[in-house]
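Biologist: I'd like to learn how to read a model like this one, feature by feature. Could you take me through it?

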Amino acid sequence: MNTPPLPPPGPAPARPAVTRPLVPLVIAFMAGIGAATWGLPWSRTWAVPLLVGGGLGLLWGWWTDRRLLLLPLVWFFLAGAAFHHQSLHPPFPPEHITRLPLEEELSLRGRLARPPRTGPAGRQLVLQVESWLSPQGWRPATGLVLIHAPLGETPPIGSEAVIRGKLTAPRRLMNPGAPDRPRNLAREGIFRTLSLREPEELLWLARPELPLRERLRGGIRVLLEPYPLEVRALYRALLLGEQGEITREMRQALSRTGTAHLVAISGLHLGMAAALTYALVFWLLRRFPGLLLHLPAVKAATVAAAVPVVGYAWLAGGSPATQRAEVMVLAYLAAVLLGRAREVVSALALAALVILALNPLRLFSPSFALSFTAVAGLLTLVPRWSAWLPQVPEEGGLRSWWPRLRRWLPEAFVASVAASVATAPLVAWFFNLLPLVGFVANLAAIPLVLGVALPLGELAALARMLGFPQVARGLLDLGQWPLWLGWQIIDGLARMPGAAVICPTPTPLQVALAYLAVAFLGLPRGGRLAWGGAALTAMALLLTVVLPRTAPEGVEVTVLDRPGGLAAVVSTPEGRRLLLSAGSPSFPGREELFLEVVPRYLHHRQFRHLDEVAVFALTPANAPELLEVARQFRVGTWTLTWPREPSPAGVALLNLLGDEGQRVLRLGPEPRQLDWGPLFMRFLPLPGAFALELEAHGRRVALLPPRAWENLELPAAGTVGWEAVVAPRLPSPEGGAAVKARRWVLYGGTGDRFDPRAAPGVRFHTRQGAVTVLLTAAGVQVSQWSGP
C-alpha cells in the first residue's frame, strides 16, 4: 500500500513579539541606578569589559536575529550603574572649580544662573563661575557654585557678580533619614558651595545687555507688578518658574491641599499647553475641508502643539525639572506623530530613558518620581474605575454641552482621585504629609489655574514679546480672575480642619504595601481577587502603623550630626522623649538655615510627639528647624532660654507657641530637675547658656552646649565621674585634667582642637555618623550610625 506523500514544509511559526520591550529595559536601567546608590560596588576593571562584551553580544543577536531575553536586561542594568557613577564623579576639565583649593579665601567672578531660593534669614544663589583671582591675576574657571548669602535684592538671571569666600565640598549629614545632599546637588550640576558672612562680600556689577529671554522675563515681571500679591506670586511661578514671592502661608496652603505641583512647572503645565494648542489647531483645520485633502489634520495639530511646549519651557528658564517635563511631553507628541497615540506606556518609558540617560540622579528627584507615578496611576486606575461610572447618552443640538459636562465631571473626579491615590505614598515619603482634600482641590483648581489662567498668561507673554504691552495687560487682567478664584478655593480648603495629616516617614515595607494595594485595585478584571488582595494588604499596612515600635532597652541618647550646634534626642523605655537643641552663633546665609536635621530624624524614627523640648541657646542656626518641630509635632513642654535679640525665625517660634497656648518654661539662674522614672535630669545654668546632666541606672552623661568650656566651672565638674561627655570639642589641657570622662562625643566643627592626650577616653565625632549612648543596668553601650 502506497503511503501518501508528506506535505511540503511550510514557514516556521513566527516567534511571539515582545510587547513594549522598552518598559523592562527602562526598569532594568533604573534598577542599576538604584543598586549603585544602595551599595553595589563599582570598578572600571570589571564593569567596562562587561559593558563592552554585553554590547557586542547585543550586536551579534541583532545581526543574527536571535532572541536575547536576559542579556539586554543585564546590559541596561550595568549601564544604569555606570551612568550613576559617571554622574557622581564626572571627568572635570582642568579649569573646573573643583580643582580650586578648599577652605581658602578666593575671589570668584560669574553670572547668576538660576532664580534664588529664599529662606527665613538668608537666600541661596547659583552662580555660573567664569573666572577666579589667582596670584597671577584672573584665570578662567567654570562650574556652578551654590552660594548661601544674606537676604537682599537679587538682579535678573544673567547678571554678573564678584564674590569672596571659601569653597567647600557638599557634605552628607550622617543621620538616619537625612537626605543625600551631595547627590541632590550633583543632580543639579553643583559640586561646590560657599557661604557669605556679610552682604558686602557679594558685589553685583553693572548690568550688561541681557539676552532676549531675560529681557522678556523682565517685561513680564513689570507687567505683574500692579496685581495683588497672590496673583503676582502665582503668575510668576506659572510663567517664569520663580517662587520667590510665594509666602510661607501660601506654600503651606498649597501643601495641605496637595496643589503644590501647580506652582512647579511640570509635565502637567506643558501638557495642558500642548492639549489646548492641539485642540485649537485641529478645530481650525476642520473649518477648511479643502485643506484637509492635502494636509493631515492630526499630524499638523501635533506639530503645532510642540511649539508652545518648547516656547514655554524656554520662557520658564530651562530648569532641570522643566527640561524633564519638556522631554516627557515631546516624547508623547512624537508617538502621536508616528501614529502610536495609544502607546502611552512606551512613550512614557522612552521619556524616562532619555531623562535618566542625560542625568541618572533625577531618579531620586521628587518631581521625577511624582510625575511618572501620577501618569502610571492614571493609566492603570482610571480605565478600571471609569467602568463603574453610569453611561450618559450622546445628544446633539444646542444642549449637547450638558451631557458632555455630565460625562466630564465624573471622569475628572476619578482621574483626580487616581492621581492622588497613586502619589500618596511618595508624598508621605518625601514630604511627611497626606493631603486628604487633594483630589477636591485639584479638581477645582486645575481647570481654573492651568486651563484658563495659564493660557491667558502665555498669550500675554507672547503679546509682550511681539511688542503689544497693552494687549498683554488686557490678557493678564482677564487671567487674574480665574487665578484668584482658584487660589481662594485652595486657601479655603487648606483652612478646613483635617485638610491634611502630618505623618512620619513611611518605611520601605509600608510604601511597598501601599503600592501593592493600589496594584490590586487596578487589576483589569477586578473581582474578588482585586478586592480581597487590596483588603488584606491594607490590613497589613494598618498593622505596621498601629503596632508599637520596639522600645530601647534603656535610656537612649542620640547626638545628631549637625553643623550648626547641638541636637540630641533622649528616649526612655516607657516612650518618653526629650529633644535638646543648642544653636551655635551663626550669621545670615549659612547653610544651616536651610537644613531641617531634627524634623527629618524625628519623622524617620516615626515619632509623633515629644514630651519636652529643651532649648539651651536659641540662635539663627537652630530657630528655623525648631519652628518646624513646633508645627509638625505635638510637644508637651517647651523649656528655653529667652534670646536677647531673636532672629525672624525665633520671633515666629515664640509667637507660634504663644498663639497655640503651649506650655513654655523659661530657664532661670536656679537649676531645674526632672524625674522620668529611670531617668533623672538636671539643667545646670551657665553664663548665657545651660548644660544638661542625665543620670540613669547610676550612670551619668553630660551634654554641653557650644562654647561651654569657656563658661563651665571645671573644678566642680571634675568631681563627677561621667560615663560620657557630649561637647563641641575637647577641653584645653588644663580642663582635661579636671574633667573625668570615659567617652567623648564631639559634635560640630571639624574635630579636636587640643591634644587628645589632655582628655583621655574613647572619642566619637558625629561627622562620622550620629552617636547613640545607651544607658542600661548592665552597662553603657555606644554605637555610631554608618549610613544606609
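Biologist: Which helices do the buried residues of H8 pack against?

Modeller: Packing is read from contacts, meaning heavy atoms within 4.5 Å. Here the buried residues of H8 pack against helix H6 (229-240), helix H9 (289-292), helix H10 (297-315), helix H11 (320-337) and helix H15 (438-465). Before we go on: this is a predicted model, where local features need pLDDT of at least 70, side-chain atom pairs count only at pLDDT 80 or more, and totals for chains, interfaces and linings use all residues. Residues are numbered from 1 along each chain as its sequence is written, and side-chain values use heavy atoms, with hydrogens and water left out.

Biologist: Which residues of H8 are buried?

Modeller: Buried means under 20% relative accessible area, exposed over 50%, and partly exposed in between (1.4 Å probe, protein chains only). In H8 the buried residues are Gly 267, His 269, Leu 270, Met 272, Ala 273, Ala 274 and Leu 285. An α-helix has 3.6 residues a turn, so residues three or four places apart point the same way.

Biologist: What span does H8 reach from its first C-alpha to its last?

Modeller: The expected span is 1.5 Å times one less than the number of residues. Helix H8, residues 267-286, has 20 residues and reaches 28 Å, close to the expected 28 Å. Helices (H or I, at least four residues) and strands (E, at least two) are DSSP runs, numbered from the N terminus. The protein chain comes to 23 helices and 25 strands, and 48% of its 788 residues count as buried.

Biologist: Now the charged pairs, please. How many salt bridges does the structure hold?

Modeller: Look for a side-chain nitrogen of Lys or Arg within 4 Å of a carboxyl oxygen of Asp or Glu. The structure holds 25 of these salt bridges. In one of them, Arg 232 pairs with Glu 245, with the closest N and O atoms 2.8 Å apart. Arg 232 lies in helix H6 and Glu 245 in the loop between H6 and helix H7 (248-256), so the pair ties together parts that are 13 residues apart in sequence. Arg 232 counts as buried at 14% relative accessibility, while Glu 245, at 24%, counts as partly exposed. Both belong to a network of salt bridges that also links Arg 213, Glu 214, Arg 217, Arg 221, Arg 236 and Glu 242.

Biologist: Which distant parts of the chain does the pair of Asp 611 and Arg 576 link?

Modeller: Their side chains meet in a salt bridge at 3.9 Å, N to O. Asp 611 is in strand S14 (residues 609-617) and Arg 576 in the loop between strand S12 (565-571) and strand S13 (577-583), 35 residues apart. Asp 611 is partly exposed at 21%, and Arg 576 is partly exposed at 33%.

Biologist: Last one, cavities. Which residues line the largest cavity?

Modeller: On a 1 Å grid over the protein atoms alone, a cavity is a set of points where a 1.4 Å probe fits but cannot get out, and lining residues have an atom within 4 Å of a point. Leu 234, Leu 254, Leu 262, Val 263, Val 449, Leu 483, Gly 486, Trp 487 and Ile 490 line the largest cavity. Helix H16 (residues 469-494) gives the most to that lining, with 4 residues. The cavity's volume is about 50 Å³, taken as the space filled by probe spheres set on the points.

Technical notes: On a 1 Å grid over the protein atoms alone, a cavity is a set of points where a 1.4 Å probe fits but cannot get out, and a pocket is an open set with protein on both sides within 12 Å along at least five of seven lines; lining residues have an atom within 4 Å of a point.
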